[in-house]
Amino acid sequence: MSMHTKEQFDIFMSQLLETNATLGFYCDFNKIKKNVSDIEISLNMLNYLLGQQDLNSAVKSLWERDKKVFEVLQILIAVRDRDNKKVVTTEGNIIPIKNYLTTCEGIIEYLEKTGLSHIFREKSINNLVDYVFGVEAGLDTHARKNRSGDLMEELVEDIFGKNGIKYKKEVYSTDYPKVHEALDGDKKRFDFVVETNSCTYLIEVNFYSDGGSKPNEVARAYTELAPKVNAVDGFTFVWITDGVGWKKAKSMITAAYMTIPNVYNLTDVKEFIHKVKEEGQKDD
């Protein structure tokens, strides 16, 4: 198989996209709604505290009725219970935030020191369910980095579907004993597998909008992986990647591009589609 030329590489780099984000990338509202729904009853009960001037008495009344409602108080300061965040006390001790929520006195201290007590007394919030929906939307922005990889898979899947390319998702090397053996027994998961009448393509996809260590690590790993896969008769490694982050990792993507015969971005992946159609796919 022929390697790429410098001219091909220059074209590849010039085609890299600034972003792969669609409008649906920014917020996963289904997840946000579910997170709010899971604690909605408790939030509605906590609404009782809004506008209460004697907040201490109101907290005690609610505590006597149902202690569990206070377990959701951390989300009001944009902290999830599972994160097990810790703070330093006035005595200099380090304790988990959730420790404040185990006693009525601790809850009152929590409300005062976080500033929520002022918000509650002034009724700056009219409904905690709506407020937490906004908090969840904010917290969901931190998941965007992970969604970028998922979005790239969705884009490639959409390209395959529109072009009538049959494929499998998330396939392990153990499904192909010769490949698994070539990888020294390391269990590797491939994002996609496309089978034609003459070859089985094992495909990895990713997108990097920024630089950093991750693109370098991936390029290095695939430069080592590709020759092992390609050495197995009937198998070819394919890498579909994009993003201007590669411009900050140019040396590594250069080495990978010049070593791996089948590297595509979202613009020139049509060449791979053409190759698959030329070879033909087996009927199901």
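A word on burial before you click: buried means under 20% relative accessible area, exposed means over 50%, and partly exposed is in between (1.4 Å probe, protein chains only). You're looking at a predicted model, where local features need pLDDT of at least 70 and side-chain atom pairs count only at pLDDT 80 or more, while totals for chains, interfaces and linings use all residues. Residues are numbered from 1 along each chain as its sequence is written, and side-chain values use heavy atoms, with hydrogens and water left out.

**Stop 1: the sheet**

Switch to cartoon view. Helices (H or I, at least four residues) and strands (E, at least two) are DSSP runs, numbered from the N terminus. Two strands count as paired if DSSP finds at least two bridges between them. Find the open sheet of 5 strands, in the order S3-S4-S5-S6-S7, with mixed pairing. Strand S3 (168–172) and strand S7 (263–264) are at the edges with a single partner strand each, so one side of each has no neighbour in the sheet.

Now select 189–195 and 200–207. These are strands S4 and S5, which run antiparallel and are joined by 4 bridges. Which residue of S5 is the bridge partner of valine 193? Leucine 202 is.

**Stop 2**

Show Lys, Arg, Asp and Glu side chains. With a salt bridge taken as a side-chain nitrogen of Lys or Arg within 4 Å of a carboxyl oxygen of Asp or Glu, the structure holds 14 of them.

Pick glutamate 157 and lysine 169: their side chains meet in a salt bridge at 3.2 Å, N to O. Glutamate 157 belongs to helix H8 (residues 144–162) and lysine 169 to strand S3, so this pair ties together parts 12 residues apart in sequence. Glutamate 157 is partly exposed at 23%, and lysine 169 is partly exposed too, at 37% relative accessibility.

Next, pick glutamate 195 and lysine 168, a salt bridge whose closest N and O atoms are 3.7 Å apart. Here glutamate 195 is in strand S4 and lysine 168 in strand S3, so the pair ties together parts 27 residues apart in sequence. Glutamate 195 is partly exposed at 32% relative accessibility, and lysine 168 is partly exposed with a relative accessible area of 42%.

**Stop 3: helix H5**

Select 104–114. Within helix H5, glutamate 109 and lysine 113 are 4 residues apart, about one helical turn. Their side chains meet in a salt bridge at 2.7 Å, N to O. Glutamate 109 is partly exposed at 30%, while lysine 113 counts as exposed at 52% relative accessibility.

Which H5 residues are buried? Cys104, Gly106, Ile107, Ile108, Tyr110 and Leu111. The buried residues of H5 pack against helix H4 (55–65) and helix H6 (116–121), with contact meaning heavy atoms within 4.5 Å. After H5 comes glycine 115, whose phi is positive, near 95°.

**Stop 4: helix H10**

Jump to 213–230. Helix H10 has 18 residues and reaches 26 Å from first C-alpha to last, close to the 26 Å expected at 1.5 Å a residue; the expected span is 1.5 Å times one less than the number of residues. Its buried residues include Pro215, Val218, Tyr222 and Leu225. The buried residues of H10 pack against helix H9 (177–182), S4, S5, strand S6 (235–242) and helix H11 (250–259).

**Stop 5: the rings**

Finally, show Phe, Tyr and Trp. Rings of these residues (for Trp, the six-membered ring) pair if their centres lie within 6.5 Å; planes under 30 degrees apart are stacked, over 60 edge-to-face and the rest tilted. The structure holds 15 aromatic pairs. Tryptophan 63 and phenylalanine 70 have ring centres 5.9 Å apart and planes at 40°, so the pair is tilted. Tryptophan 63 and phenylalanine 70 are both buried. Tryptophan 239 and tryptophan 246 form an edge-to-face pair, 5.5 Å centre to centre with 85° between the planes, and both are buried.

To finish, highlight Phe160, Tyr167, Phe192, Tyr201, Tyr264 and Phe272, a cluster linked by ring pairs.
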